[in-house]
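Biologist: Can you walk me through this one? I'd like to begin with strand pairing and take other topics from there.

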Amino acid sequence: MKQLIRSALIVIGAIALAAARPQAPPNPLTLVISNGPFAGTYKSKGAETICMHAKAQKIYTASFKDFEAKGPKAFAEGGIKVDSPDAPGPYHGDLHAAFGDGPKAVQYDAIRVPVTMTPKGKGADLAGEGKTKEGIQMRVTASCQDVTTM
């Protein structure tokens, strides 16, 4: 009986410790498409958004990919890239969105558009707005709290 109680206490303690351990904060990403067949607001699953600061490549990115996206209108990918984030002055970068799965997936890219990067704690808030070559207006914002630095 003592061993059963001792085992139960050990299990309860292990569960309490696991619950108390901090999880990596989410990195929410929001995409707004203003016109076209995919017009609307899309939000990533924050835990599935990866933020990265690659110093040697001189980029800071937030990107999302839903590997289980199904259907022609599913939000499959989104991202924002800041070029030369460690340099002073205004920033430029790229915006990306993809919808659907398979060979009929639709991709939108706005290249070399003005972006902002506001340091926040150990991460940064990113935002950019631009137009694709097809005339689709898009805006991407991301709040990077958990950042991988390379």
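Predicted model: local features only at pLDDT ≥ 70, side-chain atom pairs only at ≥ 80, totals over all residues.

Biologist: Which residue in β9 is the bridge partner of L31?

Modeller: V140 is the partner of L31. V140 in β9 is also the bridge partner of G128.

Biologist: How do β8 and β9 pair, parallel or antiparallel?

Modeller: Antiparallel, over 8 bridges. The hairpin of β8 and β9 has 5 residues between the strands, and G135 there takes a positive phi near 90 degrees.

Biologist: What is the strand order in the sheet?

Modeller: The order is β2-β1-β9-β8-β7-β6-β5-β4-β3-β10. That makes an open sheet of 10 strands with mixed pairing. At the edges are β2 (40-43) and β10 (147-149), each of which pairs on one side only. From one strand to the next, the twist averages 20 degrees.

Biologist: And how many bridges join β4 to β5?

Modeller: There are 7, between β4 (residues 59-65) and β5 (residues 75-83), and these two strands run antiparallel. As one of the pairs, Y60 has V82 in β5 as its bridge partner.

Biologist: Switching to the core. Which residues have the most contacts inside the largest nonpolar one?

Modeller: L31, F99, L126 and M138, in a core of 29 residues. Strands β1 (29-33), β4, β5, β6 (91-99), β7 (106-120), β8 (123-131) and β9 each supply at least two of its residues.

Biologist: Which strand gives the largest share of this core?

Modeller: β7 does, with 5 residues.

Biologist: What is F99 in contact with, leaving aside its neighbours within four places in sequence?

Modeller: L31, I33, F38, Y42, P72, K73, A74, F75, A76, A105, V106 and Y108. L31, as already said, is another of the residues with the most contacts inside the core.

Biologist: Next topic, disulfides. How many does the structure hold?

Modeller: It holds 1. The disulfide joins C51 to C144, with an S to S distance of 2.1 Å. The link of C51 and C144 is left-handed, at -75 degrees about the S-S bond.

Biologist: Is C51 buried or exposed?

Modeller: C51 is buried, with a relative accessible area of 1%. C144 also counts as buried, at 1% relative accessibility.

Biologist: Now the charges. How many salt bridges does the count come to?

Modeller: The count comes to 5 salt bridges. One of them is between R139 and E129, with the closest N and O atoms 3.6 Å apart. R139 lies in β9 and E129 in β8, so this pair ties together parts that are 10 residues apart in sequence. R139 is partly exposed at 34% relative accessibility, and E129 is partly exposed with a relative accessible area of 41%.

Biologist: Which residues are linked in a network of salt bridges?

Modeller: K81, D83 and D94. Between D83 and K81 the closest N and O atoms are 3.1 Å apart, and K81 is partly exposed with a relative accessible area of 24%.

Biologist: What does D125 form a salt bridge with?

Modeller: With K120, where the closest N and O atoms are 3.7 Å apart. D125 counts as partly exposed, at 25% relative accessibility.

Definitions and conventions
Residues numbered from 1 in each chain as written. Heavy atoms only, no water. Disulfide = S-S within 2.5 Å. Buried < 20%, exposed > 50% of the residue type's maximum accessible area, 1.4 Å probe, protein only. Pairing = 2+ DSSP bridges. Helix = DSSP H or I, 4+ residues; strand = E, 2+ residues; numbered from the N terminus. Axes fitted to C-alpha atoms, helices over the stretch in contact; angles between N-to-C directions. Core = buried A, V, L, I, M, F, W, Y, C linked by side-chain atoms within 4.5 Å. Contact = heavy atoms within 4.5 Å. Salt bridge = Lys/Arg side-chain N within 4 Å of Asp/Glu carboxyl O.
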